[in-house]
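Dear colleague,

Please find the structure below, for your study.

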Amino acid sequence: MANFINWETLELKKQSGKEKIRCTECDAQRADKKDKSLQINHAEGFGKCHYCEALTFRDDKNKEVKEKEYKLPIQTWKNYTNLSDKLVKFIEDTRGINQYTLNALQVTEEKYYQPKIQKEVNNIVFNYFEKDVLVNKKYRDSKKNFTQSSGTRSIFYNINSVIGQKEVYIVEGEFDVLALYQIGIKNAISVPNGANDNDEYWKNSKEYFKDVKKFIIAVDNDTKGNELKERIAQRLGRYRCEYIEWQNKDANDDLKAGILKESVKQRKLFPVSGTFTVSDLKNDILNLYDNGLPDTIYPKSYRFKQLKSIFSIMLGQVTTVTGIPSHGKSNFVDDYVLNLINDYDFKCSWFSPEHNPMSLYQTNLMEKVIGRSFWKDKTAKDGSKVARITKQEIDEYEDWANEKIYLTGAEGDTLPTWTWLIEKFKEQMYSFGINIFVVDAFNKVLLPKGNKIDEINNVLTKLTHFSQSNNVAIILVAHPTKMKKDEKTKEYEVPTLYDVSGSADFRNQTHNGFTIYRHFEKDNQEGFTVFYNMKTKLLYQGEIGAKCEFSYSLINGRYYERYTPEPLFNLIKGDEYQEEKQQILIEPEDAFGDDEILF
């Protein structure tokens with residue numbers, strides 16, 4: 001069994017750098033007494049034996065784990081390391097995993113209460129160690145019921161195996177970690193909660209990935225597993241990820257089938273920028289052949305029905321939005337993006353220094369999500385009374401938005417440069433799995449000194465590369481130069497992407513673009529807003545030059561296509577006018593065991 005060595009017992013000759021010493025755990029068993037197998041890294045405060053895999057941590061390092069605000073399980077796991085013959089046989093028969101692997105991964109056996117069957121039963125226990133601290137225990141009985149220690153720290157299973165590694169396998173279950181270990185792959189970790197992706201365990205594990213150059217995503221070969229694979233790659237960056245498609249459901253199933261050693265050799269690249277052969281792209285080519293052009297993304301609500309036919313975007317693209325000041329371009333972008341993250345279960349980060357304080361900006365977003373005013377009761381266009389948002393709905397919005405909406409700002413004396421912002425984007429991709437980044441506005445981020453046109457071109461090149469290599473959408477709000485008024489109508493001309501202040505590259509470099517133009521109320525005629533498609537990169541994304549007219553709700557700041565009902569529904573609870581329910585638009589009033597334990 002891999003053990004932990006007390007740092008204080010080591011005979012160290014250095015206080016910094018690296019050194020090799022003899023391992024106190026396995027030295028007596030070694031034939032070569034001169035071999036110093038315990039590699040000590042003083043800077044990082046840890047050591048690992050490359051023979052018996054024993055670990056040691058300097059006290060100031062594991063103290064960091066102990067002092068964090070989580071409950072720790074009782075650290076008496078060694079009391080349960082004597083595995084019964086019945087459990088060992090059960091796991092070997094059902095999982096193909098032997099006792100050596102169970103001991104090496106410090107799997108234990110314990111009687112524990114299983115809530116689902118409401119009784120205490122014998123359990124396989126997966127012990128989650130962070131350094132030499134037991135931070136969580138997951139209990140699983142023979143009927144696949146499981147529970148875990150409450151209030152504990154969420155982190156990848158087997159996280160210690162990552163320390164100092166250049167390459168790491170990520171799987172979807174503890175048994176898959178054991179399966180890989182059994183064929184000699186010891187640098188494997190598992191997400192802690194099946195196919196559920198959340199920010200917490202990523203943030204808690206971040207420090208352990210600093211040396212990793214390549215991630216092999218080897219989660220379950222099913223629908224949820226494929227979704228998880230995409231989310232993991234989104235966080236880590238596709239350029240440093242590969243993936244494995246198991247022939248069966250997961251690594252453990254391929255182990256039982258006797259094909260795991262062959263399966264792990266079939267690593268595949270994600271489709272990102274680089275050099276690819278036809279074979280590398282074969283799956284994508286066949287997908288196009290069978291299913292046609294790739295899907296674009298667009299808001300699915302009835303209030304954007306016409307817009308869908310003239311404009312849509314894709315992940316991996318940069319979209320520039322322009323419009324005359326006070327014409328509503330920022331408001332439209334917020335409404336548009338909120339619908340995207342709701343419809344596609346995306347996450348978005350806003351860098352929007354023009355909309356401070358952040359708490360006030362959140363009330364604007366909240367109105368668009370809940371569908372009513374944050375501040376007071378209001379009257380709808382049909383004359384009905386609409387109550388303000390309740391505190392219960394504020395809580396509802398918080399639950400919905402906490403892992404979907406992220407606001408970015410430069411703190412203290414930090415200046416918002418493009419280098420800083422792109423690094424922040426990378427950090428947020430890892431910590432939160434962001435799909436969409438909004439920069440409002442472009443001129444609020446400092447350009448490097450030099451020729452302005454050249455620097456704008458450089459920034460747009462970097463943003464385009466970032467969006468493509470990480471498969472994210474970037475939406476830039478950019479102000480136009482001062483526009484001329486039409487001599488006859490006395491209205492401003494509609495700005496194009498060529499009119500964006502600073503450079504024609506806003507038209508040339510970005511993939512997509514649109515203009516928001518407002519016709520103000522006059523002569524007792526209701527005002528309205530026009531969306532102009534100024535550019536879509538691919539033909540099937542829309543129709544360049546086409547336009548769509550929108551009304552604006554003063555109750556919640558939402559846009560909706562003219563002559564359709566004012567949208568007062570709660571976005572979280574669902575839009576009653578989704579595409580598949582268009583027929584209801586003509587009726588707007590409708591808008592509103594006790595199983596045997598085997599071991």
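Helix H12 covers residues 358–370, and at 1.5 Å a residue its 13 residues should span 18 Å, which agrees with the 18 Å between its end C-alpha atoms. The expected span is 1.5 Å times one less than the number of residues. Helices (H or I, at least four residues) and strands (E, at least two) are DSSP runs, numbered from the N terminus.

This is a predicted model, in which local features need pLDDT of at least 70 and side-chain atom pairs count only at pLDDT 80 or more, while totals for chains, interfaces and linings use all residues. Residues are numbered from 1 along each chain as its sequence is written, and side-chain values use heavy atoms, with hydrogens and water left out.

Among the buried residues of H12 are Tyr361, Leu365 and Ile370; buried means under 20% relative accessible area (1.4 Å probe, protein chains only). Their cover includes helix H11 (329–343) and strand S16 (348–351). Just after H12, glycine 371 takes a positive phi of about 100 degrees.

Lysine 329 lies in helix H11.

S12 pairs in the parallel sense with strand S10 (residues 167–171) over four bridges; strands pair if DSSP finds at least two bridges between them.

Methods: Buried < 20%, exposed > 50% of the residue type's maximum accessible area, 1.4 Å probe, protein only. Contact = heavy atoms within 4.5 Å.
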